[in-house]
Amino acid sequence: DIPVAEAAKTASKTLPDAQTVTAVKHWTDSLFSFRVTRPASLRFRSGEFVMIGLLGDNGKPLLRAYSIASPNWDEELEFYSIKVPDGPLTSKLQHIQPGDEIILRPKPVGTLVLDALLPGKRLWFLATGTGIAPFASLMRDPETYERYEQVIMMHTCRTAEELTYGRELVENLKHDPLLGEIYGEDFANRLVYYPTTTREESPLMGRITDNLTSGKVFTDLGLPPISPETDRAMVCGSLAFNVDVKAVLEGFGLHEGANSEPREFVVEKAFVGDGV
Ligand code: FAD
Ligand code: A2P
């Protein structure tokens, strides 16, 4: 005789490392976010990524790297995802519904962690597209504001609607009662948001690289230019973006660091592009 509780456990675990989807929100035709249950034993540092996926047609797990978009104090896990039309995983993943199961390998890793940076005054988050996901985690982690006086979130997408997930997240954060309670009304000034588009008119425009090198972002925000004494940065976008931003940051005198050797900035790919 199998005890009932044991049988129920076996029946509900149809996938290895299964977690249950609790919410799904579609932001555009090509972007959605979802939340899943968090394994009780999963510890991670805000900014890290894990492997998640579904069972493929061959019955084997089809896994991809995903930044955890929720902060480490959250009892659930949130992810922000692209929908690649013919993508092996996302062509299926985009159809998940609350109650469905996904696979989540509970081994978080990554370079976009506060420990990989030296202390400083200002922390710049530089992201394109879904590269905002690790910063969705870090922006919601109070430790970010304990370590830095000001956080500047620069996010660039082709169109304005692609900015919506990040925009709503920042707006909600600025009115977050917990952060307001800890940091007072001043909190709204400690998180600065600089969203731009490149292929559609919007209030702020241009590539992150161009807005940094021209100094436009510093003028618009009334901030001094990036300097190695005061400024730290985290970068997450396509490989081409990462390469170009790295050169810009090095031009300001910053050096790339890692978990093992904290410096002034760290970089991580938001996805592995074609032919890379
Ligand atoms: P794939 O075969 O994996 O990709 C097909 C093609 O689609 C790629 O060659 C590339 O050109 C394009 N592509 C893939 N992902 C993206 C993307 N995010 N934005 C724009 N173009 C893309 N993806 C997320 O959506 N959210 C995340 O938080 C995320 N975190 C990642 C963290 C790391 C460290 C890495 C390496 C990748 C991350 N990715 C993330 C990408 C993810 O691993 C998959 O590539 C993506 O889910 C598509 O899977 P797929 O099987 O459908 O297509
Ligand atoms: P642009 O429209 O000028 O190419 P993509 O969808 O191609 O990944 O791009 C997402 C956003 O990142 C777009 O706004 C795009 O601007 C910008 N971008 C792409 N490549 C770079 C790069 N090498 N440097 C700066 N911004 C980039």
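The following legends describe close-up views of a predicted model.

Local features in this model need pLDDT of at least 70 and side-chain atom pairs count only at pLDDT 80 or more, while totals for chains, interfaces and linings use all residues. Residues are numbered from 1 along each chain as its sequence is written, and chains are lettered from A and ligands numbered from 1 in the order in which they are written.

View 1. The chain is divided into domain 1 (9–109) and domain 2 (114–269), with bounds that come from an automatic or database domain assignment. Taken over C-alpha atoms, the centres of the two domains are separated by 25 Å. In the contact, 16 residues of domain 1 meet 13 residues of domain 2, two residues being in contact if their C-beta atoms, placed from the backbone, lie within 7 Å. On the side of domain 1 that touches domain 2, strand 1 (18–28), strand 2 (31–37) and strand 5 each give two or more residues; the largest share, three residues, comes from strand 5. Helices (H or I, at least four residues) and strands (E, at least two) are DSSP runs, numbered from the N terminus.

**View 2. The shell around ligand 1.** Ligand 1 is surrounded by 24 residues, of which Arg64, Gly87, Leu89, Thr90 and Phe271 are the closest; a residue is near a molecule if its C-beta atom, placed from the backbone, lies within 6 Å of it. Domain 1 and domain 2 each contribute at least three residues to this shell. By class, the shell holds twelve nonpolar, eight polar and four charged residues, where Ala, Val, Leu, Ile, Met, Phe, Trp, Tyr, Cys and Pro count as nonpolar, Asp, Glu, Lys and Arg as charged, and the others, Gly among them, as polar.

View 3. The buried residues of helix 10 (residues 239–251) are Phe241, Val245 and Leu249. They cover an arc of only 60 degrees around the axis, which puts them on the same side of helix 10; the arc is that of the directions from the helix axis to the C-beta atoms. On the other side, Ala240, Val243, Ala247 and Gly251 are exposed. A residue is buried if 20 or more other C-beta atoms, placed from the backbone, lie within 10 Å of its own, and exposed if 12 or fewer do.

Technical notes:
Expected span 1.5 Å × (residues − 1).
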